[in-house]
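The following paragraphs guide a new reader through selected parts of a protein structure. Please keep the sequence and the model in view while reading.

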Amino acid sequence: MWDASECQRYGFVQENFTFQADNIIGTPNSPQVVHTGGLLLREVPLNYGWNWLSFNLAFPDNSLDAALATLHHPDNDLIRSQGPFSLYSGSSWVGALTNLNNSTMYIYRADQPDTLRMLGTPIDPSTTPIPLVAGWNWIGYIPNYSLPIDDALASVAAQPGDIIKSQVAFAQYSEVVDGPNTYYRWIGNLKYMMPPNGYQIKLNSGGTLTYPPPSNPLMETPVQSRGENPQLAASNYWTVDPSQFEHSSTLNGMLRANGQNGTNSHMELGAFVGTQVRGSAKAIFIQPINMYLFFLTMYANQPGELMNFKLYSDSTLRVQNLVHTMYFSPNQHQGSIENPIPFDLPSSSTGEEFGASTAFDAQPNPFSNETTLRFNLSKSEEVTLTIADARGREILSRKVAVQRLP
């Protein structure tokens, strides 16, 4: 039974009816009454690998074995909270995590794709406050409806620099100057919060999170516009599957050209370990600062991996290596709206998207058999020439002695 007015699906109907050809059950004056039992049904898909999720139904029995009993392939799976965790072994869950609650998010590692059929009763978000501490908090999303990020976190005493992230996107609490007025809001590619996703929020000071009731216009907002659908990444030049990685880190970035922010709407920033893509982000326009920035989430299964970066422009269909490298650190955030991490090309480019410069020139560009490269050097020296294909894969690298022209 589906209740469209409340956007709720019930788990079962108590009555059973035996099919008989040409039979009619009930009449217009005396319709057959059916009863639901009150338990709602939520189906939570689990990808192979790592999943961030939360539970917005109150379980009749919140023990792990009972709450997760509808899984078909739990063998070798792992579920962990911000503290304890448990593994499925034999025929039951074994570990320090024994019960589920609605206030926290969980990371679930599935050995096979699966679906959790969750039965429970609805929760009133206004009566379920979530305590928050300074530092990282793993928070559940309790409402049965989506909320814009500013509305969802309105009760949080956020400070500039605070971060909230999902498995695929994030936002930062930032100062906005609009003429004589100054106000604060969450800015990033995480625009909505919605079930059954889990979230991690890092705060400078503690407090309490209480989710507000929905607004009617919100219920008509298309899911595709909420910035929280992993399938939206399919339009990116590079794609990464977050479920294959346990850890994530985030950064605000820009392309630096001639000492200024040279980022535009055609650009995409990609993070790589070797040749494997570990994150990508299209530039998005930030109205308060009137500039484009990258909001990049990067992934890894262990700390210390060396990440390099590439830039793609859909106006020129070019991939270029960037100078910046960094070692991955779980849950690290770098940069801010006001001071994003600057990424540089090995030398200034003449592409129209980067602004005019004579420091580096390639003619003709694009080329087929040959091209002439012109660039500035302070003296004659040996340089390394690296050639990559259209996807950034290195196909040639050799040292060349270059004589500086008089």
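A residue is called buried under 20% relative accessible area, exposed over 50%, and partly exposed in between (1.4 Å probe, protein chains only). The model is predicted, so that local features need pLDDT of at least 70 and side-chain atom pairs count only at pLDDT 80 or more, while totals for chains, interfaces and linings use all residues. Residues are numbered from 1 along each chain as its sequence is written, and side-chain values use heavy atoms, with hydrogens and water left out.

Arg42 counts as buried because its relative accessibility is 14%. This residue lies in strand β3 (residues 40–46); strands (E, at least two residues) are DSSP runs, numbered from the N terminus. The side chain of Arg42 forms a polar contact with that of Asn56 at 2.7 Å and another with that of Asn144 at 2.9 Å. A polar contact is a pair of N or O atoms within 3.5 Å; within protein, one must be able to donate a hydrogen and the other to accept it, and residues adjacent in sequence count only if both atoms are side-chain atoms.

Gln172, in strand β15 (residues 170–178), is also buried, because its relative accessibility is 3%. Beyond residues up to four places away in sequence, Gln172 touches, among others, Trp186, Asn252 and His333, where contact means heavy atoms within 4.5 Å.

Leu396 belongs to strand β33 and counts as partly exposed because its relative accessibility is 31%.

Terms used: Helices (H or I, at least four residues) and strands (E, at least two) are DSSP runs, numbered from the N terminus.
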